[in-house]
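Biologist: I am new to this structure and would like to go through it one step at a time. Please show it to me first.

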Amino acid sequence: MEPDRSLPQAASVPRTAPDPPTQTLFDRVGGEAFFVRLVDAFYQRVEASEILRPLYPDPELSGANERLRLFLIQYWGGPTTYSDTRGHPRLRMRHAPFPVYSTTIAAWLDAMSGALDEVDPEPDIREELWAYFERAATFMRNMDG
Ligand code: HEM
């Protein structure tokens with residue numbers, strides 16, 4: 001159909017400055033270094049936690065550290081190394097071997113909250129991360145009580 005020339009055309013509408021390109025959270029925090037700091041701070045707390053530490057099968061937490069770091073980097077818009085090496089995250093399934101009670105979730109979130117305090121991102125970044133962590137951790141529950 002012919003465009004109706006009596007209507008203003010897009011080209012005649014005053015142009016405003018183009019929107020800045022949308023940045024991922026990965027970009028906004030400055031990339032990988034932020035996630036290295038966050039996940040290191042988190043695993044220091046896991047190491048010290050009587051609830052969380054016994055759940056981790058490896059004597060070393062370095063492998064778990066790397067997996068969480070790569071996962072978060074991918075989730076927030078950075079490189080996809082996590083899925084390139086580990087495949088689809090299927091996080092609930094991957095947590096099935098570990099009993100996750102509401103107390104376990106509280107301990108995990110407490111460790112992550114402490115880690116966020118330590119790395120101290122901008123408030124809007126913290127809010128976004130926290131909303132996600134609360135949702136994701138609750139989703140991992142696989143035990144009553
Ligand atoms: C709710 C409490 C949680 C507990 C107790 C828990 C515990 C664990 C344990 C014991 C492992 C195995 C460690 C290893 O990979 O060697 C693991 C793996 C993992 N967790 Fe959690 N987790 C919790 C929540 C979460 C949340 C909220 C996320 C994401 C935001 C997450 C992301 C991961 C990832 C990416 C892995 C590695 C998966 C893989 O590639 O094998 N976890 N978690």
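Biologist: Let us begin with Arg-45: why does Arg-45 count as partly exposed?
Modeller: Arg-45 counts as partly exposed because its relative accessibility is 27%. On this scale, buried means under 20% relative accessible area, exposed means over 50%, and partly exposed is in between, with a 1.4 Å probe and protein chains only.

Biologist: Before we go on, what kind of model is this?
Modeller: This is a predicted model, in which local features need pLDDT of at least 70 and side-chain atom pairs count only at pLDDT 80 or more, while totals for chains, interfaces and linings use all residues. Residues are numbered from 1 along each chain as its sequence is written, and side-chain values use heavy atoms, with hydrogens and water left out.

Biologist: Back to Arg-45, then. What is its place in the chain?
Modeller: Arg-45 belongs to helix 2, which covers residues 32–48. Helices here are DSSP runs (H or I, at least four residues), and strands are runs of E (at least two), both numbered from the N terminus.

Biologist: How far is Arg-45 from Ala-115, C-alpha atom to C-alpha atom?
Modeller: The two C-alpha atoms are separated by 7.8 Å, although Arg-45 and Ala-115 are 70 residues apart along the chain.

Biologist: And the chain as such: how many helices and strands does its secondary structure have?
Modeller: There are seven helices and zero strands. Following the sequence, one reads the pattern α-α-α-α-α-α-α. The chain has 145 residues, and buried residues make up 34% of them.

Biologist: Now the ligand, please. Which residues come nearest to the ligand?
Modeller: There are 20 residues around the ligand, and those that come nearest are Arg-67, Tyr-82, Arg-86, His-95 and Trp-108. A residue is near a molecule if one of its heavy atoms lies within 4 Å of it.

Biologist: What else lies 2.8 Å from the side chain of His-95?
Modeller: A nitrogen atom of the ligand is 2.8 Å from an N or O atom in the His-95 side chain. For Arg-86, the ligand atom in question is an oxygen, 2.6 Å from an N or O atom of the side chain. Trp-108 has a polar side-chain atom 3.4 Å from a nitrogen atom of the ligand. The cut-off for a polar contact is a pair of N or O atoms within 3.5 Å.

Biologist: A change of topic: what is phi of Arg-90?
Modeller: Phi of Arg-90 is near 40 degrees, a positive value in a residue other than glycine. Arg-90 is placed in the loop between helix 4 and helix 5, and it counts as partly exposed because its relative accessibility is 47%.

Biologist: And where is the place of Asp-120?
Modeller: Asp-120 is in the loop between helix 6 and helix 7. Its phi is also positive, near 50 degrees, and it is a residue other than glycine. With 60% relative accessibility, Asp-120 counts as exposed.

Biologist: What about Arg-126: where does it lie?
Modeller: Arg-126 lies in helix 7 and, at 23% relative accessibility, counts as partly exposed. Its C-alpha atom is separated by 9.5 Å from that of Ser-113, 13 residues apart along the chain.

Biologist: Where is Ser-62 found?
Modeller: Ser-62 is found in helix 3, and its relative accessibility of 48% makes it partly exposed. Ser-62 and Asp-40 are 22 residues apart in sequence, with 9.2 Å from C-alpha to C-alpha.

Biologist: Finally, is Gly-145 buried or exposed?
Modeller: Gly-145 is exposed, because its relative accessible area is 53%. Gly-145 is found in the segment after helix 7. From Gly-145 to Thr-104 the C-alpha separation is 9.9 Å, and the two are 41 residues apart in sequence.

Technical notes
Polar contact = N/O pair within 3.5 Å; in protein donor to acceptor, adjacent residues only side chain to side chain.
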